[in-house]
Amino acid sequence: MKHKNQLAVFAVTAAELGLVAHILGEAVPRSRFRPEQPPFAPWSWEQDGRFYRKHLKIEKWKHLLPDKSLFLRKMVRKRVDSDASAAHLEMLAQETCVAEATHWALLACSPLFARRMERLPGVAASLLYAVSHLPFIAVQRYNRPRLLRTAKLTARLEACNATIDPLQQ
């Protein structure tokens, strides 16, 4: 009975944190997030994503992480399929900033489990909850430079296409 209670406390706490994080994450103006400026700009050791590819093998597992935007229709879809414009790619890069900030905030809230739960289960839950956000942060940091690089190339192509007048050909 005691273990079920601890599991319930964990589940309720995780749900509360997730709900608050979602609401705040959706409410924050995207203009506050600058993908090319700290803390979202790539760190030198990340080597524009090579670190994540080489050492974490991120391409093999990133698609296995849950994507909340697949379940909540009002969220921005994290796909390029339907719109590969430079503006959409830049917006997706901004969304990676929001997601990264949200996961860092949730990670920072992990000690709450140790306060709400009994000592050993609370410490274990805090550590596991904190660690569970690291893959999501890694994916955001891996995707962002790629999105920005592709957005810049796409913007150049769009500019070239805009200067070509089809009536003069």
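Student: Which helix is Val131 found in?
Tutor: This is a predicted model, so to speak plainly: local features need pLDDT of at least 70, side-chain atom pairs count only at pLDDT 80 or more, and totals for chains, interfaces and linings use all residues. Residues are numbered from 1 along each chain as its sequence is written, and side-chain values use heavy atoms, with hydrogens and water left out. Helices are DSSP runs (H or I, at least four residues; strands are E, at least two), numbered from the N terminus. The run covering residues 119-132 takes in Val131, and that's helix H6.

Student: Is Val131 buried, partly exposed or exposed?
Tutor: Buried means under 20% relative accessible area and exposed over 50%, with partly exposed in between (1.4 Å probe, protein chains only). Val131 comes in at 48%, so the label is partly exposed.

Student: How many helices does the protein chain have?
Tutor: Walk along from the N terminus and the elements read α-α-α-α-α-α-α. The chain has zero strands, and its helix count is seven.

Student: What share of the protein chain counts as buried?
Tutor: Take the 169 residues of the protein chain as the total. The buried share of these residues is 33%.

Student: Which elements give two or more residues to the lining of the second largest pocket?
Tutor: That pocket holds about 190 Å³ of space. Its lining counts 13 residues, with Ala21, Leu24, Gly25, Thr102 and Ala105 closest to the centre. The elements giving two or more lining residues are helix H1 (2-27) and helix H4 (86-108).

Definitions and conventions:
On a 1 Å grid over the protein atoms alone, a cavity is a set of points where a 1.4 Å probe fits but cannot get out, and a pocket is an open set with protein on both sides within 12 Å along at least five of seven lines; lining residues have an atom within 4 Å of a point. Grid points are joined across faces, edges and corners, and a volume is the space filled by probe spheres set on the points.
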